[in-house]
Amino acid sequence: MIAEQENYKHINGWGIDADPKNEPTYPIKNYTEDDHKRINWDRPVLQQPTVEVLHSNERPGYSAVIGETLPPSGLSGKLRRYAFQFSESSYGHWLPLLLADRINELEGIADDLRNGKIPNIMAERGWNAEWKYNRLGVMRKIAVGAVAVGVIAALCKLKKRS
Amino acid sequence: MQAMNYRGPFRVRIENKPTPEILHPNDAVVRVTRSCICGSDLHLYHGMVPDTRVGTTFGHEFIGVVEEIGPSVQNLKVGDQVLVPFNIACGQCAFCKQGLYGNCHESNSMATAVGGIFGYSHTAGGFDGGQAEYVRVPYADVGPTVIPEGMDHDDALLLTDVVPTGYQAAEMAGIKMGDTVVVFGAGPVGIMAAKCAWLFGAGRVIVIDHLEYRLEFVRSYAQCEAYNFKSLEDPVLFIKKTTDWFGADVCIDAVGSDACGSALHTITGKKLMLQAGAATALHWAVNAVKKGGIVSIVGVYGPTDNLVPIGNVVNKGITIRANQASVKRLLPRLIEHVQAGRLNPKEIITHRIPLEEVSDAYHIFSAKLDNCIKPVLITGKA
Ligand SMILES: NC(=O)c1ccc[n+]([C@@H]2O[C@H](COP(=O)([O-])OP(=O)(O)OC[C@H]3O[C@@H](n4cnc5c(N)ncnc54)[C@H](O)[C@@H]3O)[C@@H](O)[C@H]2O)c1
Ligand SMILES: [Zn+2]
Ligand SMILES: [Zn+2]
């Protein structure tokens, strides 16, 4: 504080009303006065990535530990790499990532098929539980579906006739 | 090993995966004995969190046994039974040093706006989670805490997230003795926030939700008032009236981006994804709190924008306080509360489901079937 006072002595009244107790984040945060040292803390041992890891352009490099699961791949991976050119404040970052997620789902299905596995989408969506606990809801959905199919079929027939 | 595996929105299954390895000298590998599904997992499950890659294993609430430790680990040994906070935190960056363990700067390369979280998409670091037989736990000397002698393991499990989050929601609300506290959301987090509000001296606690079975539960569990917003017509007006036209002293948002109750928010936030989920509860919280009041947010929202009546925040002089819970900071106090019987977290568990049935478990919790409040996944080898 004293050193800072020296730096700002050209400003009349600098710091005169500063009140260290006016700390609205307490007790969520213990003010350590380290914030103005910025990111120059003593870092933990750095993990060296062994796969491709994207990092936010709002930081100079990787964090000390790194999640190395599921490196970007395929078309979704291309989109993710593109997204990481933009800051977290930009739609250029988040919208391509969301699009990549949707494409990634299709890539997942393709992967399954390539591995000779037909994904059981109903089971994955928990339809066993739906049948057990919401049978009425399931029947309603089936009924609505059947009616819709019936209506469409009838309309098609009508069209053909006319 | 067997692990939960995300395949796309509303699609998860159990699948084999390589057992995780030590990748950093301060890592541990933990054999999971049980884990939970959290309301936060639902945001992932519904496909709302950007960079949720197919193949990810979710799960940030888990306990287990230390199976292997890295060469620099000193505070843990193989065989220890540990509860693992959901935040991955280094303990030595400026933020961890200030107690902001939910905002560590050395645990997530992919984003600066959120710290590392187990099994919570690549936006939260790209770590696999604990809905599996084994999980890699970075910074093993910092996060994992040996389960205290005699503590029920279900209680320990809920100390990894739900209890600290509910407690911090009440703590951030800056409750003064006698305050009227309104909690939006009667999920596990809201229930715990309502319970904890009393510990800070609340004079009146009101919970708002639309699921009758949860309202009924919270009414007796947290000894509070509970109202169904579907039958209130206008929850904000109701709160104004019930506080003598003053507004609540504090409002807590324990709902987050999967809120219902407003067609505008549901369509723009959840169907069209034009905003980062539906901010209905936050909207209500801002409008129902008194002038100069405090809104405490623990409900989770996505990284883009939400429709919030920010003009009212300014004009009413509202203080907003929000964060991911800092689990490690709160654990010592919360362990005391549990041991003294002031908090009894395990009573909120309604379902125990084997990990193999993870697809059904997610659907039950997401669709709120079978009066589900908190589901626990039991790992086979446990
Ligand atoms: N900040 C943190 O550290 C942290 C930690 C854990 C969970 N969370 C977040 O807390 C939130 C709640 O988690 P949960 O496990 O209790 O989830 P949950 O889905 O079980 O509960 C949410 C509840 O909110 C209710 N609800 C929906 N719209 C509402 C509205 N407009 N008004 C009032 N209630 C409404 C739902 O009916 C449901 O009961 C989630 O957003 C989750 O991501 C945050
Ligand atoms: Zn959680
Ligand atoms: Zn840190």
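Chain B is assigned two domains: domain 1, covering 2-161 + 326-378, and domain 2, covering 164-322; the bounds come from an automatic or database domain assignment. This is a predicted model, in which local features need pLDDT of at least 70 and side-chain atom pairs count only at pLDDT 80 or more, while totals for chains, interfaces and linings use all residues. Residues are numbered from 1 along each chain as its sequence is written, chains are lettered from A and ligands numbered from 1 in the order in which they are written, and side-chain values use heavy atoms, with hydrogens and water left out.

Now the interface. The C-alpha centres of domain 1 and domain 2 of chain B are 25 Å apart. In contact, meaning heavy atoms within 4.5 Å, are 32 residues of domain 1 of chain B and 22 residues of domain 2 of chain B. About 2,300 Å² is buried between these domains, and carbon and sulfur atoms give 67% of that. Buried area here is the accessible area (1.4 Å probe) that two parts lose on being put together, summed over both.

One salt bridge is found across the interface of the two domains of chain B, by the rule of a Lys or Arg side-chain nitrogen within 4 Å of a carboxyl oxygen of Asp or Glu. B:Arg329 forms a salt bridge with B:Glu171, with the closest N and O atoms 2.8 Å apart.

Which helices of chain B each supply at least two residues of the side of domain 1 that touches domain 2? They are H1 (39-45) and H12 (327-339), helices being DSSP runs of H or I, at least four residues, numbered from the N terminus. H12(B) gives the most to that side, with six residues.
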